[in-house]
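Trainee: I have just opened this one and would like to go through it piece by piece. Could we start wherever you think best?

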Amino acid sequence: AASRMADQTEEERIAELKKRRTFRKYAYRGVDLDQLLDLSSEQMMDLFPCRVRRRFNRGLKRKPLALVKRLRGAKKAAPPNEKPVTVKTHLRNMIIVPEMIGSVVGVYNGKTFNGIEIKPDMVGFYLGEFSISYKPVRHGRPGMGASNSSRFIPLK
């Protein structure tokens, strides 16, 4: 009975591992995530759309390079299987590259830094696209002076 119990727990453990492993394999334009991280920058450029290629062809300036360097450092310093420290930045126009995946970036929206965990799906997008810089309009009752009839509403 004890050996059967051990076999059952072993089977359960394997089943649980399989369950965990059934995540959808991420691919950017047909290239797996693992392969993406191994690609050279030239090979990576071929996968990106025109606007991104143009941006990288014109050269990376000092600020984006510094951001990538800080993200690397934060990732190295983080204990395994835990999120790295948030790296704050004003660079909303930085394009997300595969190297940044798994990092946490605080993107400035003009008022605060919105913490964003970079996921594989975000590759090729700008950081600013994930940190909304305005408050969406809430259409409610019209305010003072919105129409002629609002003149006759007594001011409390």
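Mentor: Let us begin with Phe-48, which, once its neighbours within four places in sequence are set aside, is in contact with Tyr-28, Arg-29, Arg-53, Phe-56, Ile-96, Val-97, Val-123 and Gly-124. Please keep in mind throughout that this is a predicted model.

Trainee: OK, and which residues touch the most other members of the largest nonpolar core?

Mentor: That core has 29 residues, and the ones that touch the most other members are Tyr-28, Phe-48 and Leu-127. At least two residues of this core are supplied by each of helix 3 (41-47), helix 4 (50-57), helix 5 (62-77) and strand 4, and the largest share, four residues, comes from helix 5.

Trainee: Switching to strands: is Thr-89 buried or exposed?

Mentor: Thr-89, which is found in strand 3, counts as buried because its relative accessibility is 7%, and the cut-off for buried is under 20%.

Trainee: And what is Thr-89 in contact with, apart from its close neighbours in sequence?

Mentor: Leaving out the neighbours within four places in sequence, Thr-89 is in contact with Leu-67, Val-105, Gly-106, Val-107, Tyr-108, Phe-113 and Leu-127. Leu-127 is a residue we have already met, as one of those that touch the most other members of the largest nonpolar core.

Trainee: Tyr-108 and Phe-113 are both in that list. How many aromatic pairs are there in the whole structure?

Mentor: A search of the whole structure finds four aromatic pairs. In the pair made by Tyr-108 and Phe-113, the ring centres are 4.8 Å apart and the planes stand at 50°, so this pair is tilted. Tyr-108 is partly exposed, with a relative accessible area of 23%, and Phe-113 also counts as partly exposed, at 32% relative accessibility.

Trainee: What kind of aromatic pair do Phe-125 and Phe-130 form?

Mentor: Phe-125 and Phe-130 form an edge-to-face pair, with 5.9 Å from centre to centre and 75° between the planes. Phe-125 is partly exposed, with a relative accessible area of 36%, while Phe-130 counts as partly exposed at 32% relative accessibility.

Trainee: New topic, then. What is the volume of the largest pocket, and how many residues line it?

Mentor: The largest pocket has a volume of about 390 Å³, and it is lined by 20 residues, of which Ser-41, Met-44, Met-45, Val-97 and Glu-99 lie nearest its centre. Helix 2 (33-38), helix 3, helix 4 and helix 5 are the elements that give two or more residues to this lining, and helix 3 provides the largest share, four residues. By class, the lining of the largest pocket divides into 13 nonpolar, four polar and three charged residues.

Trainee: Which residues line the second largest pocket?

Mentor: The second largest pocket, with a volume of about 170 Å³, is lined by Leu-33, Ile-101, Gly-102, Glu-117, Ile-118, Lys-119 and Pro-120. Its lining divides into four nonpolar, one polar and two charged residues.

Trainee: Where does Gly-102 lie?

Mentor: Gly-102 lies in the loop between strand 3 (87-89) and strand 4 (104-108), and it counts as partly exposed at 27% relative accessibility. Apart from neighbours within four places in sequence, Gly-102 is in contact with Lys-75, Pro-84 and Ile-118. The C-alpha atoms of Gly-102 and Lys-119 are separated by 6.1 Å, although these two residues are 17 residues apart along the chain.

Technical notes: Residues numbered from 1 in each chain as written. Predicted model: local features only at pLDDT ≥ 70, side-chain atom pairs only at ≥ 80, totals over all residues. Heavy atoms only, no water. Buried < 20%, exposed > 50% of the residue type's maximum accessible area, 1.4 Å probe, protein only. Contact = heavy atoms within 4.5 Å. Core = buried A, V, L, I, M, F, W, Y, C linked by side-chain atoms within 4.5 Å. 1 Å grid on protein atoms, 1.4 Å probe; cavity = no way out; pocket = protein on both sides within 12 Å on 5 of 7 lines; lining within 4 Å. Points joined across faces, edges and corners; volume = space filled by probe spheres on them. Nonpolar A, V, L, I, M, F, W, Y, C, P; charged D, E, K, R; others polar. Phe/Tyr/Trp six-rings, centres within 6.5 Å; stacked < 30°, edge-to-face > 60°.
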